[in-house]
Amino acid sequence: MIEMPIIDAQKCDGCGLCVNVCHCNALALVKNVITIIETVKCDWCTDCEAVCRTGAIRCPFEIISQDS
Amino acid sequence: MTVQLDFLKRIPYFSGVGLADLESIKQLVFERSADRAEMVVLEGEPAANLFFVVSGAVRVFKTSAEGKEQILSIVRPEESFNDVPIFDGGPNPASARTMGPVVLYGIRKNDMEAILRNHPHIALNVTRVLAKRVRQLVSLVEDLSFKHVISRVAKILFEQVRSETSHGPRLTQQEMAAMAGTAREVVGRSLKELEEQGAIKLDHHRIIITDKEALQKIMEASS
């Protein structure tokens, strides 16, 4: 499963800043709520999370050990 | 495009300013557009303009002699940047780069001085904006006791690590910052530093601990 940023639609105020800063064209505003349109392109730069004022978009990291 | 009065009204600098005054201030404001990743202000250069973000976002940062960047703030719509050198006459204390396409309103240094002379009541708004900025920067200075922070971030990773077959909670940089008692920007830089030191590898949404011993040493270093 492709990882994608987690969106809380209730918190999204539709400001569109995340779409503006996304250099992968992975996000779009649909009916004034942020939507991921293309997860394959997302490079997890986390800029969308950094600019969001309401915490509506999150890019959590999975922390794993290389030890097998 | 002409400068919009409606937007000027919303800028904290011009809070409570009457329409007639705003109209005269508007004559001194210019609009500028910039593309993604464009440098709008360069650290160390003579300051020419104060900027307000109309749309988009701008990253303000300092660059070390080794070329490492430390983010100071992200400037969003209705917020300003490059204020300090306009008022103290010094060079730009930091650089500013756009995070996406942006529209800015700018005021030249001499024009800002004229605005304050002709509309002295704006000075109180400016003072409030700068006071808030000082408070934010003092907090960042506190966070930037860097060696201690990198140890705390290493500890968080060490304690949160899962085996490849198990699934556990995931952490955003903001959550790691809250756990480490620091700012999100400092966590970002710490992760890059840990990767440079070979202790971890950043792979899309994963932080892979590649050298547990190295991570432990960093975690246990106290100064």
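Predicted model: local features only at pLDDT ≥ 70, side-chain atom pairs only at ≥ 80, totals over all residues.
View 1. A:Glu62 has B:Arg206 of E10(B) as its bridge partner. Strand E5 of chain A, residues 62–65, and E10(B) are joined by four bridges. The two strands run parallel.

**View 2. The contact between chain A and chain B****.** Chain B brings 27 residues and chain A brings 22 residues. On the side of chain B that touches chain A, helix H6 (146–160) and strand E10 (206–209) each supply at least two residues. E10(B) gives the largest share of that side, four residues. The residues on this side of chain B comprise 10 nonpolar, nine polar and eight charged.

**View 3. Helix H7 of chain B, residues 173–180****.** B:Gln173, B:Met176, B:Ala177 and B:Ala180 are buried here. Down the axis of H7(B), the buried residues fall within an arc of 100 degrees, so they line one face of the helix.

**View 4. The largest nonpolar core****.** This core has 47 residues. A:Cys18, A:Val51, B:Ala57 and B:Val58 have the most contacts inside it. Among the elements that give two or more residues are helices H1 (17–21) and H2 (47–51) of chain A and helix H4 (109–118) of chain B. E3(B) provides the largest share, five residues.

**View 5. Surroundings of B:Val58****.** Leaving out residues up to four places away in sequence, B:Val58 touches B:Val40, B:Val53, B:Val75, B:Phe81, B:Ala96, B:Arg97, B:Thr98, B:Met99 and B:Val102. A second, separate core has 25 residues, including B:Leu171, B:Ala177, B:Ile209 and B:Leu215.

Terms used:
Residues numbered from 1 in each chain as written. Chains lettered and ligands numbered in written order. Contact = placed C-beta atoms within 7 Å. Nonpolar A, V, L, I, M, F, W, Y, C, P; charged D, E, K, R; others polar. Pairing = 2+ DSSP bridges. Buried ≥ 20, exposed ≤ 12 C-beta atoms within 10 Å, placed from the backbone. Arc of directions from axis to C-beta. Core = buried A, V, L, I, M, F, W, Y, C linked by C-beta atoms within 7 Å.
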